[in-house]
Amino acid sequence: MAGLLATAELCDTNAGLLASGELRVLEPVFRAYGQRQAFSGPVMTLKVFEDNSLVREALESRGEGKVLVVDGGGSMRCGLVGGNLGLLAQSMGWAGIVVNGCIRDVDEINGCDIGVRALASHPVKSNKRGIGERHVPVHVAGTLIRDGEWLYADSDGILVSSCEISV
């Protein structure tokens with residue numbers, strides 16, 4: 001996609017930010033889903049465990065190019081985002097979703113014009129009890145991510161920056 005910055009180039013041209021920790025690289029543990037191989041935007045964080053109620057609530061709000069970062073505790077027992085939520089994210093203008101956990105309905109999500117990163121897929125749906133936290137710092141793939149930071153993802157990896165960066 002035009003206008004998106006390559007993560008490798010961002011690393012090369014922002015070595016000082018990498019050294020200071022203002023630019024951080026997530027561990028390479030995610031699989032790519034959705035039609036957007038590259039996406040970026042300001043972060044909104046969620047911390048949930050095997051309950052996607054807050055994920056739905058977040059995606060029902062206007063995305064305005066944001067990236068939803070869902071710390072699902074790395075659970076491999078259910079999917080936190082499925083096809084319906086993928087379509088919702090697309091229609092509400094979200095740039096992408098990063099899930100520290102699983103998704104489901106992979107074929108449907110792969111049909112959506114959003115970028116999705118998750119640890120794996122799992123066919124079981126999550127609980128819906130409304131339990132979790134919004135806008136809190138989350139620890140995902142060895143990296144602390146705060147609400148309002150910037151996330152950049154492409155085929156090479158995922159970066160998080162304390163502020164919007166350029167090459």
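Buried means under 20% relative accessible area, exposed means over 50%, and partly exposed lies in between, with a 1.4 Å probe and protein chains only. The model is predicted: local features need pLDDT of at least 70, side-chain atom pairs count only at pLDDT 80 or more, and totals for chains, interfaces and linings use all residues. Residues are numbered from 1 along each chain as its sequence is written, and side-chain values use heavy atoms, with hydrogens and water left out.

**View 1. R146 and E149 meet in a salt bridge.** A salt bridge is a side-chain nitrogen of Lys or Arg within 4 Å of a carboxyl oxygen of Asp or Glu. Side chains of opposite charge can pair when their charged atoms come close. Between R146 and E149 the N to O distance is 3.2 Å. R146 counts as partly exposed because its relative accessibility is 39%, whereas E149 has a relative accessible area of 4% and is therefore buried. Under the salt-bridge rule, the count comes to eight.

**View 2. A salt bridge joins R77 and E50.** The closest N and O atoms of this pair are 2.6 Å apart. Distant parts of the chain are linked here, as the two residues are 27 residues apart. R77 is in the loop between β4 (67-71) and β5, and E50 is in the loop between β3 (39-47) and α3. Helices (H or I, at least four residues) and strands (E, at least two) are DSSP runs, numbered from the N terminus. R77 has 55% relative accessibility, so R77 counts as exposed. E50 has a relative accessible area of 12%, so E50 is buried.

**View 3. D105 lies in the loop between β6 (96-103) and α5 (106-110).** An unreviewed UniProt entry places the feature "binding site" at D105. UniProt positions are given in the numbering used here, feature names are shortened, and annotations may be inferred rather than shown by experiment. D105 is partly exposed because its relative accessible area is 31%. Not counting residues up to four places away in sequence, D105 touches G82 and G83; contact means heavy atoms within 4.5 Å. The side chain of D105 reaches the backbone nitrogen of G83 at 2.9 Å. Such a polar contact is a pair of N or O atoms within 3.5 Å; within protein, one must be able to donate a hydrogen and the other to accept it, and residues adjacent in sequence count only if both atoms are side-chain atoms. D105 also forms a salt bridge with R104 (3.9 Å, N to O). R104 has 23% relative accessibility, so R104 counts as partly exposed.

**View 4. Helix α4 spans residues 83-91.** G83, L85, G86, L88 and A89 are buried in this helix. The elements that cover the buried residues of α4 include α3 (53-59), β5 (79-81), β6 and α5. Just after α4, G93 takes a positive phi of about 85°.

**View 5. S126 sits in the loop between β7 (115-121) and β8 (133-134).** S126 counts as buried because its relative accessibility is 7%. The side chain of S126 reaches the backbone nitrogen of N52 at 3.1 Å. Leaving aside neighbours within four places in sequence, S126 is in contact with E50, D51, N52, C78, G79 and L80. One of these residues, E50, is the salt-bridge partner of R77.
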